[in-house]
Amino acid sequence: MGLRGDGPARGRAARAWPRRSGGLGGGLAVFGAVAAVFTATLPPSVPGGDSGELITAAHELGVAHPPGYPLFTLVAQLAITLFPFGSVAYRVNLLCGLFGAVAASLLFFTTFRLSGSYAGGILAAGVFSFSRLTWQWSIAAEVFSLNNLFVGLLMALTVHFEEAATAEERSKIAKIGAFCCGLSLCNQHTIVLYVLCIVPWILFRLLKEKELSLGSLLKLSLCCFAGLLPYTYLPISSYLNQARWTWGDQTTLLGFLTHFLREEYGTFSLAKSEIGSSMCQILLAQVTNMRTQLSFNIQALAVWANICLARKDKQNPSLVWLFTGMFCIYSLFFAWRANLDISKPLFMGVVERFWMQSNAVVAVLAGVGLAALVSESNRVLNTSGLHYLEWLSATLFVIYQIYSNFR
C-alpha cells in the first residue's frame, strides 16, 4: 500500500530528522520566553470584554454565551482547581497566557519544519505573539489564545504529516489531527475554515499514496467526533442547573442546537440584524490592521515565500500554498460575514480580534520568506555569511514588537 511512496518519503524523513530534534528544543525555548513575558504582564483581576462571564462560567461550571465554549470552560475550571496561587480571575488569565506561549512554540515549530531556520521560527513566533492584538488577548481570560493554539497545532500537525516516512506514521498523525480538528471546534468556530482547507488536503495526500479506504475514512470520522465530546458538557451542566449564572437551556435538542449554532447571534454572522461595513471595506481594514500589527516588512516576506517557492523547486512548496489558501479563504469569508460597522470603535474592536487567526498564518509565511530570502541571497552572492543578517533581522523585529506594544 505504501511501497510507491516509500522511497521519496524515506528521503523526506532523512532530510527532516535534524529539524525534528532541533525544532523541539527551540520550541520549548520559545515557550519559556513567551510564557515569562506574558506571565509578567498578566492583569491581576478581571479584564474587560467577555472575561468576567467566562471566568464565572468556569468557576461555577455553568454555560457561557453561544456556542458555549465547553473546552475552555472545563480547562479553565481545571486551572482554577490546580493553580495554588492568585485569585480565580488571575488563574484563568495565567492559563490563557500559557495557551499563548504554546501557540508561539507551535508557530516556531511549524516555521522551522518548513524552512530549517531557527531565525525564521523565532521571527514567526515573536512578531505574532508580541503584536498588540495577540499580546492583549493572550493575557486575558478569553477564548482567543486557545484558538491561536489550535491554529498553530493544526499547522504543525500538517507539516508533520507531510514529513511522515511510512503509511503507519501518516495514519497515526491523520487520526490525531482529526481528533484535534473536532476538539478545536469546541472552542472558537471560526477555525472551521482552516479545518475545511486542511482536511481535503490530507485526504488527497492519503488517496495519492493509496492509503485511503472506507475503513480509514470511518476511523478518521470517529476521531473527529471524539474531539467534539466536550459539547456533551452543555446539556449536562444545563440539566444539573447548579450554577448561579448560566446561559440558556440545552437540555432539549432544540435548545442545544440553538446554542451550538449561535442562532441568538446569527449562525454565520457576528451579530443578528446588523448592517455592517462592506466586504471590501473590511478586507482593506484587515490589510491595514495587519500592517500595524505585524509591519509591512512581514507582509512582504509572506508574499516573498510564495514567489520564491513558485520560482524554485523548494521542499514542501505545497504546504506554503496550502497555508496561503487558508489565509485567503478565511479572510474572504470573514469579511463577507462580519456584519458590523467597523467605523464605530466598539465594533472595530470586536472584528479585529478575529484577525489574529489570519495573522498567525502570515507570521509563519514571513518566517519561511525570511529563510528563503537569505538562502536565495547566499546563492546569488555565492556566500554563506548572510545568515548573521537573518538572525539580526529576526531579533530586531521581535525586539521592536516588544518595545512597541509593552504597556
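Guide: Ala-141 counts as buried, because its relative accessibility is 0% and the cut-off for buried is under 20%. Keep in mind that this is a predicted model.

Now the setting. Ala-141 sits in a loop. That loop runs between α6 (132-138) and α7 (144-163).

Next, the surroundings. Set aside the neighbours within four places in sequence. Ala-141 is then in contact with Pro-47, Ser-51, Leu-54, Ile-55, Phe-72, Val-92, Asn-93 and Cys-96.

Take Ser-51 from that list. Ser-51 belongs to helix α2, residues 51-60. Ser-51 is buried, because its relative accessible area is 0%. Residues up to four places away in sequence again left out, Ser-51 touches Val-46, Ala-140, Ala-141 and Glu-142.

One distance along the chain is worth noting. Ser-184 is 43 residues from Ala-141 in sequence. Their C-alpha atoms are separated by 17 Å.

On to the cysteines. A search of the whole structure turns up zero disulfides. Cys-180 is in no disulfide. For Cys-180, the nearest cysteine sulfur is that of Cys-181, 7.4 Å away. A disulfide would need the two sulfur atoms within 2.5 Å. Cys-180 is buried, because its relative accessible area is 9%. Cys-186 is in no disulfide either. There the nearest cysteine sulfur belongs to Cys-224, at 9.3 Å. Cys-186 is buried as well, with a relative accessible area of 0%.

How values were computed:
Residues numbered from 1 in each chain as written. Predicted model: local features only at pLDDT ≥ 70, side-chain atom pairs only at ≥ 80, totals over all residues. Heavy atoms only, no water. Helix = DSSP H or I, 4+ residues; strand = E, 2+ residues; numbered from the N terminus. Buried < 20%, exposed > 50% of the residue type's maximum accessible area, 1.4 Å probe, protein only. Contact = heavy atoms within 4.5 Å.
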